[in-house]
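Me: I would like to learn how to read a model like this one. Where do we start?

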Amino acid sequence: MLKPKTAEEIELLRINGDLVSRTLAEVGKWVAPGVTTAKLNEVAETFIRDHGAIPSFKGFEGFPAALCMSVNDVVVHGFPSDTPLKEGDIVSVDCGTLYKGYNGDSAYTFPVGEVDAGTRKLLDVTKASLYKGIEAAVAGHRTGDIGHAVQSYAESFGFSVVRELEGHGIGREMHEAPGVPNYGRQGHGARLAEGMTICIEPMICAGSRGVYLARNGWAVHTSDHKNAAHYELTVVVRKGRAEQLSTFDYIEKDSTIKF
Ligand code: MG
Ligand code: MG
């Protein structure tokens with residue numbers, strides 16, 4: 001059995017979850033055609049440091065930036081760049097913080113200006129699949145129940161689920177056990193106990209699920225170069241219903257822009 005977090009640890013994870021949530025909302029204010037992902041990265045790094053935290057991705061296994069910026073066919077782990085975003089692009093922004101020895105980790109895929117209906121559907125379904133996963137993340141269930149919930153929902157729309165990457169436990173380390181796959185069988189995998197803190201992060205493809213690693217050793221692309229979307233939240237497993245430690249409310253409720 002994996003060790004649940006103490007109430008004190010959960011509070012520190014909640015502070016981090018709140019900060020990554022607010023950082024993503026700051027970034028969201030800047031997302032527009034003509035803006036570079038390097039600029040978005042700078043906005044986030046400044047915001048995180050202004051709140052007394054450290055952008056945990058920077059330097060993690062050599063990653064060069066505060067945020068992962070994954071545009072269109074890049075699923076995850078893209079580097080910020082000086083290429084301006086274009087109308088109709090989508091950009092997955094993945095953010096990590098380290099504050100008082102604990103981690104925050106969440107991601108949101110933003111549309112850039114107006115996106116076509118198929119892309120809008122991919123975003124909506126990917127985000128909804130994350131909430132399906134959260135609904136399954138209750139004490140007594142297993143990680144396979146989460147994966148099954150995500151997969152069955154996403155695939156019912158004809159989308160596909162990336163298998164090579166998965167969610168994870170979170171605490172003093174950004175990535176802790178258990179792994180939380182976005183596919184699987186009900187009743188299989190690690191058992192979930194009250195107080196376990198996990199990140200659920202579906203990576204869903206508009207086309208087929210094949211991916212490859214770019215030559216820079218980081219960016220994961222879809223093999224068919226169709227779009228992929230990625231949303232991530234941190235939750236604490238409870239009896240009956242998981243409790244979110246991060247939220248998209250700052251992005252979606254405090255904004256006049258429709259994401
Ligand atoms: Mg993340
Ligand atoms: Mg993560």
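Reply: Start with the surface. Accessible areas come from the Shrake-Rupley method with a 1.4 Å probe. This is a predicted model. The accessible surface of its protein chain is about 10,800 Å². Carbon and sulfur atoms hold 51% of that surface.

Me: What percentage of the residues in the protein chain is buried?

Reply: Buried means under 20% relative accessible area. Of the 259 residues, 55% are buried.

Me: What does the radius of gyration say about the protein chain?

Reply: Compare it with a rule for globules. A compact globule of 259 residues would have a radius of gyration near 18 Å; the protein chain has 17 Å, so the two agree. The C-alpha atoms fill a box of roughly 50 × 45 × 40 Å along the principal axes. The chain has five helices and 15 strands.

Me: Which residues coordinate the magnesium ion (ligand 2)?

Reply: Donors are N, O and S atoms within 2.8 Å of the metal. Here they come from D105 (OD), H168 (NE2), E201 (OE) and E232 (OE), at 2.1 to 2.3 Å. Along the chain their spacing is D-x62-H-x32-E-x30-E.

Me: Why does the pair H168 and E232 tie together separate parts?

Reply: Look at where each one sits. H168 lies in strand β7 (residues 167-169), and E232 lies in the loop between β13 (228-230) and β14 (233-236), so the pair ties together parts 64 residues apart in sequence. H168 and E232 are both buried.

Me: How far apart are the magnesium ion (ligand 2) and the magnesium ion (ligand 1)?

Reply: They are 3.2 Å apart. D105 coordinates both.

Definitions and conventions. Residues are numbered from 1 along each chain as its sequence is written. Chains are lettered from A and ligands numbered from 1 in the order in which they are written. This is a predicted model: local features need pLDDT of at least 70, side-chain atom pairs count only at pLDDT 80 or more; totals for chains, interfaces and linings use all residues. Side-chain values use heavy atoms; hydrogens and water are left out. Helices (H or I, at least four residues) and strands (E, at least two) are DSSP runs, numbered from the N terminus. Buried means under 20% relative accessible area, exposed over 50%, partly exposed in between (1.4 Å probe, protein chains only). The radius of gyration is taken over C-alpha atoms; the globule rule is 2.2 Å times the number of residues to the power 0.38.
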